[in-house]
Amino acid sequence: MPPTTPYAGKFSSCGLYSNNNNHPQPHSPYRNGTAARPAKENVYNGAYSTAENPYDIPQPRVAYRSASVGSANVKEHHYNNSCAVSENPYSSPQPHSPRQHSPRQHTSSCPGRAHRHTSSSSGSEQSCRSNAAPPKGRLYAHGITASYGEMCYHDNSLVSASLEALIQHLVPTVDYYPDRSYVFTFLLSSRLFLHPYELMTRVCHLCVEQQRSGDALLDKIRFREVAPKLVQLLTEWTETFPYDFRDERMMRCLKDMTHHVARGDEYSWRAMQQMTQRLIKRLSALGQYEEAVAALNAVAMERPASLKSKQAPGQRSDILSVCDDPFILAQQLTHIELDRLSFIGPEEFIQTFAMKDPLENHKGFFRKRKTSNLEAYVNWFNRLSYLVATEICMPVKKKHRARIIEFFIDVAQECFNIGNFNSLMAIITGMNMSPVSRLKKTWSKVNTDKFEILEHQMDPSSNFSNYRTALRGATQRSETAHSIQEKIVIPFFSLLIKDIYFLNEGCASRLQNGHINFEKLWELAKQVSEFLVWRQVACPFDRARRILQYLVTTPVFSEDELHLASYESEGPENNMEKDSRRSLRSSLLHRENRS
């Protein structure tokens with residue numbers, strides 16, 4: 001069913017989208033059995049090697065319930081009837097509640113591990129809840145709430161806990177491994193409360209200390225049993241949040257644990273070695289990517305030819321001389337979008353508003369800005385908007401300008417059909433910039449019917465309700481796709497960041513009793529996990545290197561230069577515009593002389 005808009009059906013492929021609000025939840029980022037992602041060809045002429053997607057790596061099988069662990073495998077264990085394992089919050093058919101799970105609920109169920117079995121040799125466990133009173137439940141009309149020591153559950157889902165209890169809940173033992181959705185959620189949002197290095201140090205320390213009994217031989221045996229689960233936890237961490245390990249202290253801690261594991265279990269030691277190699281490969285690819293983007297940005301910073309005398313159409317390349325097929329250009333834009341999306345770490349969304357890091361001045365080999373890839377992607381959106389405006393304002397002839405406007409409208413329509421909403425919005429933004437919108441004589445030569453439809457789809461009124469409807473349809477199409485192209489969903493990225501920001505600002509991170517508000521953390525993880533699903537799609541289109549190079553390196557006008565180019569194309573209409581043109585000419589001339 002197409003989107004319910006006044007223009008529904010005018011685009012041939014709009015029917016692919018659906019208005020179904022009850023689409024399935026995005027899967028957990030730890031999805032088993034996912035087909036390996038094909039290697040992507042380099043868009044930047046070999047400037048950097050495409051990074052290995054962390055989800056391509058076969059991940060160890062998870063056992064949420066286990067009683068004993070051999071040195072090379074994990075065996076399943078069932079709790080007694082008083083305990084139930086919490087379900088993945090992203091598997092619920094309800095789109096907005098992370099707390100609703102399977103219908104099987106027990107009044108006295110324990111979703112955690114407060115009452116788990118332990119082997120006779122495990123000794124007393126150092127848990128913040130080991131001496132807690134028996135669980136107390138309260139029955140409300142809307143569900144069941146129960147507390148287990150320092151952790152509180154509602155309808156079989158964790159809703160709040162102390163920071164110490166959450167850290168302890170992450171620590172694997174011989175007979176316990178945390179739910180994978182919990183691992184992702186806590187690793188993602190724990191940085192709101194403590195540094196990833198501090199978390200890793202405490203988790204590794206607790207995991208080792210819990211195996212100590214005072215007998216060196218027994219300690220070695222017990223650590224050998226828990227080592228595979230510790231390796232599994234570290235593998236999930238390094239593959240989902242590899243950028244945490246750009247901090248040399250994290251790498252040092254990982255190296256220390258590798259040496260510790262090597263003393264007890266050769267199988268786990270080899271797994272640690274392989275995990276570290278994959279991590280270094282990923283970080284190396286990231287470094288090459290960032291260097292390539294910096295080099296491309298430096299080329300793009302070169303200013304266009306002087307505006308003193310506008311160039312004739314044959315004197316410079318424009319977008320139509322490079323690509324005159326809207327569908328091909330939309331495909332190349334999609335390549336750039338997916339390339340840059342693939343390098344954004346999920347933690348960057350949280351770190352945009354995380355607490356000020358008191359250790360961020362720590363000098364280390366891996367020291368980098370914590371949101372640099374997210375910022376680079378936002379800068380790409382701005383560049384594309386300015387590129388569109390530059391291409392429209394540059395031509396001397398009105399007929400040529402009108403042709404370029406119509407071309408970009410067609411490109412925007414193709415982006416919508418592909419599911420590339422970020423490029424779509426960037427193009428619309430560029431065409432709505434004042435230097436472009438004031439070109440009334442040019443716009444009079446343009447058929448704007450399709451443009452009005454696209455503007456309606458991205459209308460910001462009612463919190464972008466039309467766009468959100470189209471995005472839900474694209475997401476549903478992706479989940480039932482029969483081809484890679486149908487899997488493509490590239491959201492309007494600035495709005496995604498805004499949604500996550502207001503989710504964080506609108507909900508307290510801590511409750512009045514000092515507990516962490518884990519319901520908020522579930523919601524943050526749900527938003528980010530959806531992005532991870534979109535991020536890992538491989539672009540199925542062929543690369544056109546000449547077009548890609550033009551899109552990422554051709555110089556674009558600044559805002560002042562755009563205004564002056566607009567006045568050069570169509571003269572000022574009133575005294576205010578005349579004064580503005582005079583001022584801009586003087587300012588830009590002074591700037592050129594200084595440079």
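Of the 595 residues of the chain, 55% count as buried, where buried means under 20% relative accessible area, exposed over 50%, and partly exposed in between (1.4 Å probe, protein chains only). The structure is a predicted model, in which local features need pLDDT of at least 70 and side-chain atom pairs count only at pLDDT 80 or more, while totals for chains, interfaces and linings use all residues. Residues are numbered from 1 along each chain as its sequence is written, and side-chain values use heavy atoms, with hydrogens and water left out.

The chain has 21 helices and five strands; these are DSSP runs numbered from the N terminus (helices H or I, at least four residues; strands E, at least two). Among contacts (heavy atoms within 4.5 Å) in the chain with a separation of 6 or more, 77% are accounted for by residues 24 or more positions apart.

Salt bridges, defined by a side-chain nitrogen of Lys or Arg within 4 Å of a carboxyl oxygen of Asp or Glu, number 18 by this rule. One of them joins Asp339 and Arg543, with an N to O distance of 3.3 Å. Asp339 lies in helix 8 (residues 326-341) and Arg543 in the loop between helix 18 and helix 19, so the pair ties together parts that are 204 residues apart in sequence. Asp339 is buried, at 3% relative accessible area, and Arg543 is buried as well, at 16%.

The loop between helix 18 (518-535) and helix 19 (545-553) also holds Pro540. Pro540 is partly exposed, with a relative accessible area of 35%. Leaving aside residues up to four places away in sequence, Pro540 touches Ile484, Gln485 and Ile488. The C-alpha atoms of Pro540 and His335 are 8.7 Å apart, although the two residues are separated by 205 residues in sequence.

A salt bridge between Arg582 and Asp579 has an N to O distance of 2.9 Å. Arg582 and Asp579 are three residues apart in helix 21 (residues 575-594), and are therefore separated by about one helical turn. Arg582 is exposed at 53% relative accessibility, whereas Asp579 is partly exposed at 43%.

In the salt bridge of Arg212 with Glu209, the closest N and O atoms are 2.8 Å apart. Arg212 is partly exposed, with a relative accessible area of 47%, and Glu209 is partly exposed at 23%.
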